[in-house]
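Hi,

Here is the structure I promised to pass on. My notes on core packing and charged pairs follow below it.

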Amino acid sequence: MSTATASTAAPVAPAARNGGNGRPVLGPYAVRWARHLATPVVLGLVLLGLYLYVGAQDLDRIEQRSLNADYLLSRFGQHLWLSSVVVVLVLAIAIPLGVLLTRARMRRYAGAVLALANIGQATPSIGLIVLFAVVFLSWGINTIAVVAFVTYGVLPVLRNTMVGLDQVDRSVVEAARGMGLSRLRVLWSIELPLAVPVMLAGIRTALVITVGTVALATFIGAGGLGDVISNGISSNRDLVLFAGSVLVAVLALTIDWLGALVEDLLRPRGV
Amino acid sequence: MPESPPRPMIRLTGLTKHYPGQAEPAVDHLDLEVPEGEIVVFVGPSGCGKTTTMKLVNRLIEPTSGRIEIDGRDVTGVDPDRLRRGIGYAIQQTGLFPHRTVADNIATVPRLLGWGRERIAARVDELLAKVGLDPQTYRDRHPGRLSGGQQQRVGVARALAADPPVLLMDEPFGAIDPLTREALQEEFLRLQRDIRKTIVFVTHDIDEAVKMGDRIAIFGECGRVLQYDTPARILGEPAEGFVADFIGNGTNVRRLSLTRLCEVEVSDDRPVVVRGSGDGGCPTAPGSFALLVDRDRRPLGWAEPGQDRPLPLISHLGPEHTLHDALDAMLANNSDTVVVTDQDGRYRGTVEMATIQTHLHRVGGPGNEGGPVRGGERADRSIGTS
Ligand SMILES: Nc1ncnc2c1ncn2[C@@H]1O[C@H](COP(=O)(O)OP(=O)(O)OP(=O)(O)O)[C@@H](O)[C@H]1O
Ligand SMILES: [Mg+2]
């Protein structure tokens, strides 16, 4: 009955509504997917441009040492590996912590923990890793790097997990409990799915931050694409510096693109 | 037919809830019995502990002291999650899961109880039809694409899903427009006549309470029940000043809505003409009307002698309508008579303005409220027949 009224009321643009969940489609929806498709193309073109540009230059020995496929691939691999470890740890810490801190009993600690996480992020990242490297001399270089970057990336995921869970309508949770779903079940099948969009936004931020800050690992000798940049600086070769920066930027944007894609795919229907 | 008095399905004894940090208890030594198969309405001003009392029953809130028994069993010994699966729960904000379809929402408790897939699907469709939603159309929608009234219907269907004997409903028809609300109330009462659940129904609205309740519990401050009685007796003899104030003016008119037309004596002194039978039964006195009916005695219109065409019948009322509806129809039609039919739509008689007046005087007068204080069948509403 109401479908009939709806379609007679808006006969002009029936395609303008998404059948699935009532979001307008042809506006933001199409734009979003256009961006999803365009981003990798643009990033690919940037890489191609860089390759052609560097290839056209006459590289001296010092430049060649940084700008060759083997070296770049190994730094790229280090970078990805370090970032992945950091992100996995960030998720493993921040999501359970966020869930815990939104439970009624633990709520009173939320303020304190958030403040702590804020300090972690407000400290300049370069300062943080150098500080860690000095204070925890006995740890391995990689451990220090990972701990520092995890400290740095926890906040957005923690905060968004908490916000995401808090914005779930209390009456929905109460109805679920009132029908006999256990606390765990409510969390798993009601609260978390409804918090997913907000949580994913935080995770995406953390990914991008991590990929960016891992470039600083070079300053404590933990490798990564930051090595290329710092080679460029120390040897006074702008081309190397430029290439390293572009590579880090492209990597961060690629991760951001993947994050956006996942966000759209995992958003629950009907929300 | 003699009926044994209904046994209490829910029994609250000395129930007290004191929220930590609050000066006054939200519910204070409450004793209350909800008879099996009846709707008991909690009504009272905001913050008087209606919701708290209801949530104590399914242990969403744990009592400070007191006993809660359902079907003779103390609920404190039962695992709360299991307990709640046996108690339907519907709330004003509906609490529908926005990321799940209507069907999935309704299937929540049956799934918890481990029903088979086909049984659940059949139950979902049956319930959707029961609450007046076409299963085909609405089954796979998400709640965000339903109107407020439709959401509340789904909320009721979800509460009924596993066929629980007890239902808790906290302002289930709250935030919707008066017309839709009235329709939902009617439908729900019709449904309840079949399913005969024991229902605790919370509302702010005394009119809704009078309409829905077999009994009404009027809450005052701090979760104290000031009066617990049938709607007729609450309107007829409101206890204390507060209850009378809360009920407010217009009790006489409200009381009319307690009497169904099937319980009222109708007058049948109007001449009746069967269409196609000639003018034999037509009134001869000019200016008097006869009711024109078809061969099945369904009313068609008013016939006046000397006029070719009958005057159309603006409205006629069935057995489920109330004296309040009759008065309403009279005022709307600017007439002092309404035609009453039986459940098959056959002419039964007429109700006149004078009938209503007599009725009001009969029940309004002092000393006319016989019957036991705790008498409670729906028949108690029929003051007119006592
Ligand atoms: N979780 C809680 N913690 C502390 N106090 C509460 C809590 N829930 C309710 N109260 C208090 O208990 C009293 C009764 O609240 P309750 O929700 O039962 O009222 P109500 O009759 O349902 O009101 P309304 O008609 O507005 O829904 C109120 O004074 C309220 O402030
Ligand atoms: Mg309430």
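B:M169 touches B:M54, B:A90, B:V156, B:F188, B:I199, B:V200, B:F201 and B:V202, leaving aside residues up to four places away in sequence. Bear in mind that this is a predicted model. B:M169 belongs to the largest nonpolar core, which has 60 residues. Along with A:I190, B:I106, B:F173, B:F188 and B:F201, B:M169 is among the members that touch the most others. In soluble globular proteins, nonpolar side chains tend to be buried together.

Now the charged pairs. Over all chains, the count is 34 salt bridges.

One of them joins A:R32 and A:D264, at 2.8 Å from N to O. A:R32 sits in helix α2 (residues 25-56) of chain A and A:D264 in helix α11 (residues 238-266) of chain A, so this pair ties together parts 232 residues apart in sequence. Both A:R32 and A:D264 are buried.

In chain B, the side chains of B:D81 and B:R84 form a salt bridge at 3.3 Å, N to O. These two lie in helix α2 (residues 80-85) of chain B, 3 residues apart, or about one turn of the helix. B:D81 and B:R84 are both buried.

B:R111 pairs with B:D104, with the closest N and O atoms 3.0 Å apart.

Last, a network: salt bridges link B:R11, B:E33, B:R67, B:E69 and B:D74.

Best wishes

Notes. Residues are numbered from 1 along each chain as its sequence is written. Chains are lettered from A and ligands numbered from 1 in the order in which they are written. This is a predicted model: local features need pLDDT of at least 70, side-chain atom pairs count only at pLDDT 80 or more; totals for chains, interfaces and linings use all residues. Side-chain values use heavy atoms; hydrogens and water are left out. A nonpolar core is a set of buried Ala, Val, Leu, Ile, Met, Phe, Trp, Tyr and Cys residues joined through side-chain atoms within 4.5 Å. Buried means under 20% relative accessible area, exposed over 50%, partly exposed in between (1.4 Å probe, protein chains only). Contact means heavy atoms within 4.5 Å. A salt bridge is a side-chain nitrogen of Lys or Arg within 4 Å of a carboxyl oxygen of Asp or Glu. Helices (H or I, at least four residues) and strands (E, at least two) are DSSP runs, numbered from the N terminus.
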